[in-house]
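Please find below my notes on the model, as numbered points.

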Amino acid sequence: MRSVTVLTGFFLAVSACTSDTPPPAASTATVFEGARLIVGDGATVIEDSVFVVDDGVFQAAGPRDAVPVPDGAARVDVTGRTVMPAIVDGHSHIGYADVAASVMSADNLTRENYLDHLRRYAYYGVAATRNLGTDPGDLPFELRSEPAPGAALFLTAGRGVAKPDAGPNAAYYRPSAYGVTTEEEARAAIRELAERRVDVVKIWVDDRNGTVDKLTPDLYRPAIEEAHALGLDVVAHVYYLDDAKELVRAGIDGFAHGVRDQDIDDFFIDLLRARPYVYFIPNLPSRGVAADADLAWIAETVPEAEVERMRTAAAERTPEAAARADAFFAVQARNLVRLHAEGVPIAFGSDAGTSIGWTVHEELADMVAAGMTPHDVIRAATSTTAAVVGLDALGSIAAGKSADFIVLDGNPLDDIDNTRRISSVYLRGEEVDREGLRDRWRATP
Ligand SMILES: [Zn+2]
């Protein structure tokens, strides 16, 4: 029997060499060598790194000397480039925009449109986004459970909770939120959301400049209580400091905006100290002065007419309007810097609805303009947001994490605008076909 076994082995070896099937490779890994590596923890930068990707996962990452290269691995030279984790957007409203026509409508809520938006995210280096409260129907949950190649992952809060007609801006969004007026309605909404297994509950506590009724404590307290009993976090759209204080007392888990009406005070900081897990997604407003006239990086995915409209709007902004925008930005910037200095977790979100993908890079720049360091902002947009949205495999470049990363032609620690100089994007270990996507979007009338 022994000789037969040997003989069989011999024939197998011969056939492996002579058939059309190539011999098994020694390794299926790809090794990326020489980049400056921003790990995503807000502290670690490796100037001459090596990292190994296999099976969609980082197998190893570290200084060149410390990472063994598997035999037969493919090698990619990224010397002179900077690599950072792919971004996680904790606050979006994708699905509604027809980007080519620059029109928002619930009629656009098709699988193909959501996927188009998730590909726009992928194009600009975003690994995942979380829609906050504007997702009616079953489709969002299907999209969440079926990640598409070359597209960002999708999380959803389903429908958010507000007073009737006081949720997302009605000019854009079909009334997609639950409109509740009693404690029992509030609890029933939360139970329905829990059955759908939403990723988080979104509530709106804002009177929109006195034009609508905001959700009151007698409704959001039981809603938060019900959500927590069912294992769900609650994140609030907020505007006023007084509401933010009351929401912290009521057990809110996170804020989808900063405080916008005034500077936060010591009492608010004390409330947050008692609940150190409560996070803020700053969602800063536009600054008064157009940050840059060069919109070429946006024109890669947006029709020229739309880019022209943006240029004109920036050029025609009056000094008064610019000053108002700057003042509105300044109060939120001060609040962001104070929260960050006090050790409150700062996460990241674009609030994208009409403009998809590229706006994450504007938000990164706005957070730096507010006074955070580029490194702290990158940490907020990667590992911190990955943690608060519950996608622990994302947000950092370390062994065992999902291989989602951006290769940049400039160092964003020197200038945050270098996050826009994207050489390539990898999601779950696969390179995103940015050129193919660009061609597709440019061909769209
Ligand atoms: Zn929003």
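1. Helix H6 (residues 241–249) packs with helix H7 (residues 266–273) at an angle of about 20 degrees, and their axes are 10 Å apart. That angle makes H6 roughly parallel to H7. For the terms: axes are lines fitted to C-alpha atoms, for helices over the stretch in contact, and angles run from 0 to 180 degrees between N-to-C directions. Angles under 35 degrees count as roughly parallel, over 145 as roughly antiparallel, 65 to 115 as roughly perpendicular, and the rest as oblique.

2. The structure is a predicted model, in which local features need pLDDT of at least 70, side-chain atom pairs count only at pLDDT 80 or more, and totals for chains, interfaces and linings use all residues. Residues are numbered from 1 along each chain as its sequence is written. Helices (H or I, at least four residues) and strands (E, at least two) are DSSP runs, numbered from the N terminus.

3. The crossing of H6 and H7 is left-handed; this term applies if the near helix is turned anticlockwise from the far one by less than a right angle, and right-handed applies if clockwise. On the H6 side the contact is made by Leu241, Ala244, Lys245, Val248 and Arg249, and on the H7 side by Phe268, Leu271 and Leu272. Contact here requires C-beta atoms, placed from the backbone, to lie within 7 Å. The contact of H6 with H7 has 6 nonpolar, no polar and 2 charged residues. In this scheme Ala, Val, Leu, Ile, Met, Phe, Trp, Tyr, Cys and Pro count as nonpolar, Asp, Glu, Lys and Arg as charged, and the others, Gly among them, as polar.

4. Leu364, Met367 and Val368 of H11 meet Pro374, Val377, Ala380 and Ala381 of H12. The residues of this contact divide into 7 nonpolar, no polar and no charged.

5. Where does Thr354 lie? Its place is the loop between helix H10 (319–341) and H11. Thr354 has 15 C-beta neighbours inside 10 Å and so counts as partly exposed; 20 or more would be buried, and 12 or fewer exposed. Apart from neighbours within four places in sequence, Thr354 is in contact with Ala97 and Met104. Its C-alpha atom is separated by 16 Å from that of Gly90, 264 residues apart along the chain.

6. E1 (residues 30–33) and E6 run parallel, joined by 4 bridges, and Phe32 has Val76 in E6 as its bridge partner.

7. Another open sheet has 6 strands in the order E3-E2-E7-E19-E20-E21, also with mixed pairing. Its edge strands, E3 (45–46) and E21 (430–431), each pair on one side only. E2 (residues 36–38) pairs with E7 (residues 82–85) in the parallel sense over 2 bridges, with Leu37 opposite Val83. E7 and E19 (residues 405–408) run antiparallel, joined by 4 bridges, and Met84 stands opposite Ile406.

Conventions: Contact = placed C-beta atoms within 7 Å. Pairing = 2+ DSSP bridges.
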